[in-house]
Amino acid sequence: QLQLVESGGGLVQPGGSLTLSCKASGLDFNYYSMAWFRQAPAKEREGVSWISPNPGESWYLDSMKDRLTISRDNLANMVYLEMHGLKLEDTAVYYCAADLSPLPLSVRSGTLKAHDFTTWGQGTQVTVSS
């Protein structure tokens, strides 16, 4: 069973940068699609970015795509999310998620939905504030 632990969140000023990390442990990380979601208070969980098991394909939330880079290191069982130009509205808890589907159904249709993912981390808080 795969387990996920996020790190790297924190307080950052508008326009700043953060890199979130997700450490996976357990079985067969190389076979898992990995994704980042976020959830702000009183809002639904929102897909932010996805990367395929063999890191050749990725997906980004339109409103953030110019400010994000997702990557993974299959030897180290890590996935990363680099975020730049952070805005106040990026404040949320960010979650790492995994699924054995190499191309989740929602990604095929151009979105990224939480119900496609079976394994979740505990989340890391990102607060953008001046």
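What follows is a set of questions about how the labels are given.

Analyst: A quick note on the ground rules. This is a predicted model, where local features need pLDDT of at least 70 and side-chain atom pairs count only at pLDDT 80 or more, while totals for chains, interfaces and linings use all residues. Residues are numbered from 1 along each chain as its sequence is written, and side-chain values use heavy atoms, with hydrogens and water left out.

User: Why is Ser-33 called buried?

Analyst: Buried means under 20% relative accessible area, exposed means over 50%, and partly exposed is in between (1.4 Å probe, protein chains only). Ser-33 has a relative accessible area of 0%, so it counts as buried.

User: Where is Ser-33 found?

Analyst: In strand β4, residues 33-39. Strands here are DSSP runs of E with at least two residues, numbered from the N terminus.

User: What makes the pair Ser-33 and Trp-50 a polar contact?

Analyst: The rule asks for a pair of N or O atoms within 3.5 Å; within protein, one must be able to donate a hydrogen and the other to accept it, and residues adjacent in sequence count only if both atoms are side-chain atoms. The side chains of Ser-33 and Trp-50 make such a contact at 3.1 Å. A polar atom of the Ser-33 side chain also lies 2.6 Å from the backbone oxygen of Ser-101.

User: How do you know that β7 and β8 pair?

Analyst: Two strands pair if DSSP finds at least two bridges between them. For β7 (residues 68-73) and β8 there are 6 bridges, and the strands run antiparallel.

User: What makes Arg-38 and Glu-46 a salt bridge?

Analyst: A salt bridge needs a side-chain nitrogen of Lys or Arg within 4 Å of a carboxyl oxygen of Asp or Glu. Arg-38 and Glu-46 meet at 2.8 Å, N to O. As background, side chains of opposite charge can pair when their charged atoms come close.

User: Buried or partly exposed: which label does each of Arg-38 and Glu-46 get, and why?

Analyst: Arg-38 is at 9% relative accessibility, so it counts as buried. Glu-46 has 31%, so it is partly exposed.

User: Which residues are linked with Arg-38 in the network of salt bridges?

Analyst: Glu-46, Arg-67 and Asp-90. Arg-38 meets Asp-90 in a salt bridge at 2.9 Å, N to O. That pair links distant parts of the chain, 52 residues apart: Arg-38 sits in strand β4 and Asp-90 in the loop between β8 and β9 (92-99). Asp-90 also forms a salt bridge with Arg-67, with the closest N and O atoms 2.8 Å apart. Arg-67 lies in the loop between β6 (58-60) and β7, so its pair with Asp-90 ties together parts that are 23 residues apart in sequence. Both Arg-67 and Asp-90 are buried.

User: Why does Glu-6 have no salt bridge?

Analyst: Its nearest side chain of opposite charge, Arg-45, is 7.5 Å away. For charge, Lys and Arg count as positive and Asp and Glu as negative; His and the chain ends are not counted. The side chain of Glu-6 does have a polar atom 3.0 Å from the backbone nitrogen of Gln-122, and one 2.9 Å from the backbone nitrogen of Gly-123.

Methods. Helices (H or I, at least four residues) and strands (E, at least two) are DSSP runs, numbered from the N terminus.
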